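Subject: Structure handover

Hello,

Here is the structure for you to look over. My notes follow below it.

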Amino acid sequence: RLLSRWVTQSAQIIVISHAVRDFILASKEAGRHSVINVIYYGYKPKYSNNTSKNTNSRLPRTVRLGTVSRLAEQKNIPLLINLAKNLLEDGIQFELNIVGDGPEKTKLEQLVMQLELENHVHFLGRTQDVSNFMNSLDMFLLTSRYEGFGLVLLEAMDHGLPIIASNTSAIPEVLGKRHPGLFPVGDLESLTHRVTSFLRNSAERRTCVEYQNSRLKKFTVNEYLERHEDIYRSEEHTSELQSRFGISYAVF
């Protein structure tokens, strides 16, 4: 932390969300007077504006739920598995497909067997074709305890998938604070309610996807590049003034 504060004391800092900004300030990795710029990821949509696929009045007989996630404690995959148990008890026909790998894989597989969900919860491992996986889903879920940003949310938005996600850290920054699919972090009852409500109500799914399409437009590649360019140009100007006039630090 001391090294981080020393390195950044005369530099501008770029972070990917306000949640990350708050974290580095709280952890004292940056000083109180550090210049911190929040620049969200830029994203170029390829598939958006298709609201019909997952918002029809009737979903497939077996609903396909899924996530793309590292299998680590941060992502709270056990919450997804317990969601699957609740859905099964409610008589909902579904598949829960999980793309990703990580240190908790064995423990998660054991939990699936313990709850007798082997026919409903599938670990697909890593894939180079996330787009094809997204196209196979009816709904995207993200149960993380915290996220620095959550780039996968932009990908799910782009594929027109209704999203249900934890209302924590940077997730509401990406989805928007009024997103209808947010639920209290770690709350299984609320998560189950959100999922079943979306499954039974096509109007909710349509509203969700339309809202997401409007949010996706906020994360443009042009703005991402322009914001970075502005900062680097100001730093070039600062370096010139420092060499000519002995100014140690300035922001323009």
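Phe-149 and Phe-219 are both buried (under 20% relative accessible area; exposed is over 50%, partly exposed in between; 1.4 Å probe, protein chains only). This is a predicted model: local features need pLDDT of at least 70, side-chain atom pairs count only at pLDDT 80 or more, and totals for chains, interfaces and linings use all residues. Residues are numbered from 1 along each chain as its sequence is written, and side-chain values use heavy atoms, with hydrogens and water left out.

Phe-219 has 2% relative accessibility. Phe-149 and Phe-219 form an edge-to-face aromatic pair, 5.9 Å centre to centre with 85° between the planes. Rings of Phe, Tyr and Trp (its six-membered ring) pair if their centres lie within 6.5 Å; planes under 30 degrees apart are stacked, over 60 edge-to-face, the rest tilted. Phe-149 sits in the loop between β6 and α6, Phe-219 in the loop between α9 and α10, so the pair ties together parts 70 residues apart in sequence. Helices (H or I, at least four residues) and strands (E, at least two) are DSSP runs, numbered from the N terminus.

The whole structure has four aromatic pairs. In one of them, Tyr-40 and Phe-219 have ring centres 5.6 Å apart and planes at 65°, so this pair is edge-to-face. These two residues are 179 residues apart. Tyr-40 is partly exposed, at 27% relative accessibility. Ring pairs join Tyr-40, Tyr-41, Phe-149 and Phe-219 into a cluster.

Helix α6 (residues 151-158) is mostly covered, with six of its eight residues buried.

Best wishes
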